[in-house]
Amino acid sequence: MNAHTCSSAAQIVEEARQFAAREIRPLAGKIDANGELPRSLIAKLGERGYLAASWPEEYGGLGLDPVAYGLLTEQIGKACSNTRALLTVQTSLLGETMLRFGTEAQKRFWLPQMARAEKLGAFALSEPHVGSDAKSVQTTYRKEGARYILNGSKKWISFAAIADFFVVIAADSAGQITSFLVEREREGVRTIPMGGMLGNRGVHIAEIHFDEVEVPADNVLGNVGGGFTYVVSTALDHGRYSIAWAGAAIAAEALEAMVTYARSRSQFGEKLHHFQLVKGMIGDAVTKVHAARSLCLSAGEMRRDGAEDAIHQTTIAKYFTSKAAVEVTNDTVQIHGGNGCRSGYPAERLFREAKVLEIIEGTSQIQQQVIAQYGLRKYVVKKQGAVQAGREA
């Protein structure tokens, strides 16, 4: 990225910060309470190119590199996690994956419309009985001539209730996993909105049911049989990077709420921030926010530079920031006291949104195991004698 582009990227991020403060943050509480991301706001995101921030300009994108895209995600995520979720799904899970594996015809048709918010998509992987064990999808497909027939159900799918199309992960009778682009209007497609969510109340989560749904061979995304190894793995990696920044964003927003409240609220004749235990929580929160942001920046730089360990760094960042967000928002609720338990303040909403991050795009427990395997390979210390014998040989 040259100096001129860097300047443009910084300007885009700053404009996103201002836009989020003006257009998104005032709606965050209402979006959560109503369980709906307004179409008018979605349209504004499309008009500004934010739904295609990391895509090449030829497809309607802003051409931001991973670092700049992460910083933009942070600004949107601080203002409203539900709105940020649209970027995670549209830009990262779907768009960046389609850029990698889509045919030229698929990219030319879908990406410009997605960039303008004319077409919204959903990534249909999770099922009623399949979550973390994504290789065990039970949605099926069979080939009949030049078409494929899909049957099965998906659950917990963000934006499925309003999506115009779905990237559906399905398996054949031999266990080959393939991904398909499935338009909502195809006969046999049915969605059922899901309510009562802890967080992500405004991301139009729904079940999707497929009953003998016919799709043409042109709707296969990637290669037949490469649905998990390539499409799913790539999509979840892009999604984890976005979620890593989401954790940093929620933690930062919670820190600001914590400090603002502690400086304005009085107990026993003193402002809250004068009490040692409150200072301790603020000190911990500052440290976690700085550490979370540093991990995200490091992951972004490695992704930008094509570093070998970029995927592992992204996983580490997602694992840390989601946990940090839960811990910081928990202390924010605590400092707010009773006010932290009601919707008149952002503390309780931030706490609920933070908890969701420990589950989506791979649970914290799954991430912990992946990181452990990486650590067991990378940080093993060979015995000196073995090292010396190797040199002599």
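Guide: A residue counts as buried when its relative accessible area is under 20%. The model discussed here is predicted.

Visitor: How many residues of strand S4 are buried?
Guide: Strand S4 covers residues 165-171 and is mostly covered. Phe165, Val167, Ile169 and Ala171 point one way from S4, and Phe166, Val168 and Ala170 point the other way. Residues on both sides are buried, and the count for S4 is 7 of 7.

Visitor: Which residue of S4 is the bridge partner of alanine 122?
Guide: Strand S1, residues 121-124, runs parallel to S4 and is joined to it by 4 bridges. The partner of alanine 122 in S4 is phenylalanine 166.

Visitor: Which residue in S5 stands opposite isoleucine 169?
Guide: Strand S5 spans residues 177-183 and pairs with S4 in the antiparallel sense over 7 bridges. The hairpin of S4 and S5 has 5 residues between the strands, and glycine 175 there takes a positive phi near 90°. Opposite isoleucine 169, S5 places serine 179.

Visitor: Which helix gives the largest share of the lining of the largest cavity?
Guide: The search of the whole structure finds 1 cavity of 30 Å³ or more. Helix H4 (66-79) and helix H10 (347-357) each supply at least two residues of its lining. The largest share, 3 residues, comes from H10.

Visitor: How many charged residues are in the lining of the largest cavity?
Guide: The lining includes Lys78, Arg349 and Glu353. Domain 1 (9-119) and domain 3 (230-378) each provide at least three of the lining residues. By class, the lining has 3 nonpolar and 2 polar residues, and the number of charged ones is 3.

Key
Residues numbered from 1 in each chain as written. Predicted model: local features only at pLDDT ≥ 70, side-chain atom pairs only at ≥ 80, totals over all residues. Heavy atoms only, no water. 1 Å grid on protein atoms, 1.4 Å probe; cavity = no way out; pocket = protein on both sides within 12 Å on 5 of 7 lines; lining within 4 Å. Points joined across faces, edges and corners; volume = space filled by probe spheres on them. Nonpolar A, V, L, I, M, F, W, Y, C, P; charged D, E, K, R; others polar. Domains from an automatic or database assignment. Buried < 20%, exposed > 50% of the residue type's maximum accessible area, 1.4 Å probe, protein only. Pairing = 2+ DSSP bridges.
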